[in-house]
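Subject: Structure for you to look at

Hi,

Here is the structure I promised to pass on. Have a look at it first, and then read my notes below with the model open beside you.

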Amino acid sequence: MKKAAPFRRKPLTSLLVKPAGSSCNQACAYCFYRGKGGPRPRGGERRMSQAVLEEMIRQAFEQCGQGIGFGWQGGEPTLMGLEFFRKAAGLMVRWGRGKAVSNGLQTNGLLLDREWARFLREHRFLVGLSLDGPEHVHDRYRRLADGRGSWALVADRARMLLDEGVEVNAVAVVNDYSAAFADETYAFFKEMGLRHMQFIPCVETDPADPSRAAAFSAGAEAYGHFLCRLFDLWVDDFDAARPRPYIRLFESLFFRYVGRRPPDCSLLKECGTYLVVEADGGVYSCDFFVEEPWRLGNVTEEKLERLLNSERQTRFGRVKAAIPGTCRACRWRDLCRGGCPKDRQRDPRDGGLDHFCLSYRMFFEHADSRMIDLAEAWKRAEAEKSG
């Protein structure tokens, strides 16, 4: 009888923190998080208290190994104000005791000014700026509460941050409209000086018909074409011996091709490798599952490391491994791993395929041979360095 694999405790290496919950100063049409984020205080907005902030940071450093990363997201985390983040930085010094720490701030940028920028540069925050592309692409869905487009404001903040020496990534949502503009969007980010890019495919459920994707969702074929074209642009820069832009999906997949563990959790066999801490201290399994079934506990009542290794979090991680039969027979299974659970269709047939299954099959067919060549070249270069 085959023995069960031994249980391995997962180390606490990163926390995704939502200090303002789902509160936001934009009204993006495709927002998946609006209305979520735990219970709202009576008569007020969700805001993380000083007590929760300190307990979270204290635990993080006491229970991590050599270091830990904090990802500050929302909603819009800058609604907390700069003083909140100054307090957080001070607590990291107090409790860090020489351990390594990294901070990432995902923001729409609207509240940032030069004082913010100086703080972010001083404390080496990596800023992920929500910017979908050129004006007509960005303003399609990313609008202010009064309906005006937000592109001009966000583009101005991007220039200001870069001028102040802040490290900035472009975080772009690929939707039904933007999927047609791979060339223009890639060129725009390069021209802006945003050479680190993350493209997040959008799919949400149509509220009128739970079996369908919402109209703004990227179509599987359209997203497949987008990825193939983006890859060609990336490879052209790769071959030109210039500093090539960093595109998260391609770089993470490259880890697979050289036999290393990819940093993107969607490419792993199981997920559940990090925790989400909400404004009220509630701890959840994943950014996309801040929902009661996946609430693990509260940081003020339980240890983070214990929640990360709890039965519920382990069960959550294994949901991803339960891939449909179609995936098990697919030649790209070991690269794709069935995709992110949030993108799997709610149609129960065949276990629920990823909405973007066709997209990835198109992309792997297109990019595989070139990725193999790049991986072999990288291995040769590494061997020469060590030899």
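Let's start with N108, which is found in the loop between β3 (100-107) and α3 (114-122). (Helices here are DSSP runs of H or I with at least four residues, strands are runs of E with at least two, and both are numbered from the N terminus.) Before going on, note that this is a predicted model, where local features need pLDDT of at least 70 and side-chain atom pairs count only at pLDDT 80 or more, while totals for chains, interfaces and linings use all residues. Residues are numbered from 1 along each chain as its sequence is written, and side-chain values use heavy atoms, with hydrogens and water left out.

Is N108 buried or exposed? N108 counts as buried, because its relative accessibility is 2%. (Buried means under 20% relative accessible area, exposed means over 50%, and partly exposed is in between, using a 1.4 Å probe and protein chains only.) The side chain of N108 makes a polar contact with the side chain of N25, at 2.8 Å. (A polar contact is a pair of N or O atoms within 3.5 Å; within protein, one must be able to donate a hydrogen and the other to accept it, and residues adjacent in sequence count only if both atoms are side-chain atoms.) Not counting residues up to four places away in sequence, N108 touches C24, N25, Q26, E76, L129, S130, R142 and V154. (Contact means heavy atoms within 4.5 Å.)

V166 is buried, with a relative accessible area of 5%. Leaving aside neighbours within four places in sequence, V166 is in contact with A117, L120, R121, F125, V127 and L161. V166 and L126 are 40 residues apart in sequence, and their C-alpha atoms are 7.4 Å apart in space.

Now for the charges. Side chains of opposite charge can pair when their charged atoms come close. The rule for a salt bridge is a side-chain nitrogen of Lys or Arg within 4 Å of a carboxyl oxygen of Asp or Glu, and by this rule the count comes to 22. Here are some to find:

- K18 forms a salt bridge with D287, with the closest N and O atoms 2.8 Å apart. K18 lies in the loop between β1 (12-17) and α1 (50-63) and D287 in the loop between β11 (282-284) and β12 (295-298), so the pair ties together parts that are 269 residues apart in sequence. Both K18 and D287 are buried.
- R58 pairs with E62 in a salt bridge, and the closest N and O atoms are 2.6 Å apart. Both lie in helix α1, 4 residues apart, about one turn of the helix. R58 is partly exposed at 22%, and E62 is partly exposed at 43%.
- R331 forms a salt bridge with E365, where the closest N and O atoms are 3.6 Å apart. R331 is exposed, and so is E365.

Next, the rings. Rings of Phe, Tyr and Trp (its six-membered ring) pair if their centres lie within 6.5 Å; planes under 30 degrees apart count as stacked, over 60 as edge-to-face and the rest as tilted. By this rule there are 28 aromatic pairs. F250 and F363 are stacked, because their ring centres are 5.4 Å apart and their planes are at 10°. F250 lies in helix α8 (residues 248-257) and F363 in helix α13, so this pair ties together parts that are 113 residues apart in sequence. F250 is buried at 0% relative accessibility, and F363 is buried at 1%. One aromatic cluster is formed by F61, F70, W72, F84, F85, W116, F119 and F125.

Finally, follow helix α13 (residues 357-386) along its length. Where is the kink in α13 centred? The kink is centred on A367 and is about 50°. (The bend at a residue is the angle between axes fitted to the seven residues ending there and the seven starting there.) The buried residues of α13 include A367, F363 and M371.

Cheers
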